Amino acid sequence: MTLGARRGLDFDAEVSRGEFTLRVALTAPPGEVLGILGPNGSGKSTLLSAVAGLLPVSAGRILIDGQVIDDAHNGEFLEAAQRPVGFVFQNYRLFPHMNVLDNVAFSPHVRGLSRRDARATASGWLQRLGLASFADRRPADLSGGQAQRVALARALAGNPALLLLDEPLSALDARTRLDVQSELSRHLADFDGPCLLVTHDPLEALVLADRLLVLEEGRIVQAGTPAQIARRPATEYVARLVGLNLYGGKVNGAEVRLRGGGTFVVPDHGQHGDVLVALRPSSVVVSLEPPDTSARNTWPATIVGLTLLTDRVRIDLEGEPSALVDVTPAAVTALALTSGRPVWLSAKASDLEVYSYSDEPDHDLGAVRRAPDTNRHGSTTRGPE
Amino acid sequence: METLAAPARLSTRERQRRSVRGGGSRSVPAPLLAPSLIAVLFLVLPLIGLIIRAPWGNLWSILRNSDTSQALRLSLWTSTAAAAVSLIIGVPLAWVLARTDFPGLRLLRALVTLPLVLPPVVGGVALLLAFGRRGFIGRYLDQWFGITIPFSPAAVVMAETFVAMPFLIVTVEGALRSADLGFEEAAATLGASKMTVFRRITVPLVAPSLGAGAVLCWARALGEFGATITFAGSFPGRTETMPIAVYYALETDPDAAIVLSLVLLLVSVIVLVTLRDRWLRGGSTQ
């Protein structure tokens with residue numbers, strides 16, 4: 001039974017693994033790269049496994065191009081081998097006993113082509129991904145970036161209707177990652193079907209995905225374009241990923257009473273009710289004396305920690321409200337900023353992004369309190385503006 | 001401060017060794033040294049005896065003697081056949097034991113490994129009771145098809161397989177258990193059926209253990225005595241394998257017994273060398 005032959009992936013299901021339950025509804029039309037961003041244990045890989053048929057759903061169903069591939073209600077289940085799915089695994093899982101050509105020829109061959117035709121198909125893919133000269137190599141003799149491309153070629157060679165990528169770049173070192181990333185983005189653009197890309201790396205998600213879902217504890221907590229999510233994070237986790245301070249509070253005209261203590265003056269758009277306020281760490285100014293400034297928000301705070309990011313210092317401050325603030329290393333020495341030192345913070349009303357996020361009413365943002373950003377790129381604020 | 005004990009002398013060589021390898025003294029305490037020496041002598045002296053007493057002069061002529069070479073040939077082909085049969089039916093069973101789950105699996109695993117600890121002669125008696133002319137299966141084989149197994153080369157192969165196959169099964173099952181299922185999952189997502197996964201992914205990935213298990217199984221079959229002599233007897237040229245020939249030759253022609261033993265010793269050494277990296281270092285099968 002199909003309800004409207006919607007093209008692409010249609011996932012509306014629950015997957016149970018012991019105590020953990022993933023409950024997600026999502027669709028991905030052909031040609032879209034849907035990024036799934038979430039911390040470890042949020043259910044990202046479980047989602048991919050369910051789509052690939054490595055795990056059955058416990059409720060709901062999954063459709064590809066309008067055809068049921070898994071339906072817990074009537075028991076229909078298409079085995080993994082029969083699903084038109086290409087899976088690029090986190091550690092690639094290239095077959096160590098086959099050379100690159102045979103790895104890529106594996107899928108066409110087991111799907112019915114003769115060995116020779118399968119190898120011809122594989123050669124075509126290797127050519128396309130610039131891997132022709134590696135055909136005879138064993139996976140063990142490839143660099144991380146090459147192995148990643150071979151894994152992609154192997155998944156694509158089976159002519160899948162749907163592509164799944166599990167942390168495609170996480171096994172690479174930071175240098176190759178950037179090269180492979182732009183290349184991967186090109187290849188993904190060439191792929192006709194929907195593509196699910198799972199990652200815990202916000203930069204990867206922002207660069208590669210057309211649309212993002214943020215997954216936490218098995219639920220989607222936010223969906224939108226990378227730009228929307230980078231500007232208006234819905235949860236503390238997302239805020240930390242994109243490098244923003246996030247506060248929950250009640251707005252009344254131009255004043256937001258923050259749930260964790262303190263108030264903000266914001267541009268008055270006549271709003272009322274529960275809102276989130278996002279504040280860029282670089283928009284906050286630190287001074288030793290109460291600042292004489294046009295900024296409408298000034299408050300005292302105490303430094304509790306400093307972290308050196310690539311070109312700036314992120315200061316963790318406790319106050320009402322607490323905040324992460326980015327300053328230059330020069331400012332740190334000039335103002336003698338050290339842990340325990342009381343300072344004044346100021347922020348312009350116009351720098352505060354105020355928005356409501358009613359989809360997630362029980363999320364307790366009163367206790368928002370960010371740890372120093374330990375993101376290894378130190379560049380998470382580089383989201384699209 | 002208490003007076004320290006008088007320092008011992010540390011040779012330059014020992015200093016060198018400790019600074020490179022780390023660790024403390026390597027000297028063996030006397031209560032451990034003596035028993036270990038006795039153990040070594042106990043294991044090695046008999047083998048030395050074999051080599052000393054060997055009739056090196058007529059080695060070749062004894063080996064070419066028809067009885068000896070017959071036994072050698074019989075032993076080689078039956079143990080190879082036993083290893084082949086074990087591969088054909090034992091590897092699939094190892095897969096079933098490692099990868100499936102059903103009620104009674106534990107019992108089945110215990111049964112399969114029973115011949116490892118069962119005295120071989122008991123295995124021979126059991127085979128006789130099942131496949132002998134009046135055995136509960138052998139009776140019908142005889143009545144319906146006119147097939148009698150006992151005291152034939154086929155019985156030798158069966159006895160050897162019975163005793164040796166568990167070695168292969170246990171080795172391969174262990175390898176299958178510790179194998180990375182990720183590769184099999186990947187193969188499934190690429191469209192491979194379960195049988196294709198087994199053939200093209202699972203088996204090649206455990207090939208080293210498969211080889212080791214097969215060699216171990218073959219060596220065990222080659223040395224088989226108790227089950228074979230019980231179930232297959234000792235007809236020269238038909239069922240008299242090397243170990244049985246050694247046993248009988250000891251009474252009639254001790255030189256031949258020694259030569260045959262030397263051949264078996266040589267084979268064992270070759271097997272050990274083949275498996276050296278798998279069992280002598282670390283003891284893991286992977």
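## Where the chains touch

Two residues are in contact if their C-beta atoms, placed from the backbone, lie within 7 Å. By that rule, the contact takes 14 residues from chain B and 16 residues from chain A. On the side of chain B that touches chain A, the elements giving two or more residues are α9 (181-189) and α10 (194-205) of chain B. Helices here are DSSP runs of H or I with at least four residues, strands are runs of E with at least two, and both are numbered from the N terminus. α9(B) gives the most to that side, with six residues.

What classes of residue make up the side of chain B that touches chain A? There are eight nonpolar, five polar and one charged. Ala, Val, Leu, Ile, Met, Phe, Trp, Tyr, Cys and Pro count as nonpolar, Asp, Glu, Lys and Arg as charged, and the others, Gly among them, as polar.

## How to read this model

This is a predicted model, where local features need pLDDT of at least 70 and side-chain atom pairs count only at pLDDT 80 or more, while totals for chains, interfaces and linings use all residues. Residues are numbered from 1 along each chain as its sequence is written, with chains lettered from A and ligands numbered from 1 in the order in which they are written.

## Chain A and its sheet

Chain A has nine helices and 20 strands, and its C-alpha trace spans about 80 × 45 × 35 Å along its principal axes.

Six of its strands form an open, mixed sheet in the order β6-β7-β8-β3-β9-β10; two strands pair if DSSP finds at least two bridges between them. At the edges sit β6 (85-88) and β10 (219-224) of chain A, each pairing on one side only. Inside the sheet, β7 (residues 162-166) and β8 (residues 195-199) of chain A run parallel over four bridges, and Leu165(A) has Leu197(A) in β8(A) as its bridge partner.

## The nonpolar cores

A nonpolar core is a set of buried Ala, Val, Leu, Ile, Met, Phe, Trp, Tyr and Cys residues joined through C-beta atoms within 7 Å. Buried means that 20 or more other C-beta atoms lie within 10 Å of the residue's own, again placed from the backbone.

The largest core has 115 residues, and those with the most contacts inside it include Leu164(A), Leu196(A) and Leu197(A). α4(A) gives the most to this core, with eight residues. Apart from it lies another core of 39 residues, among them Met165(B) and Leu168(B).

Conventions
A residue is buried if 20 or more other C-beta atoms lie within 10 Å of its own, exposed if 12 or fewer, and partly exposed in between; C-beta atoms are placed from the backbone.
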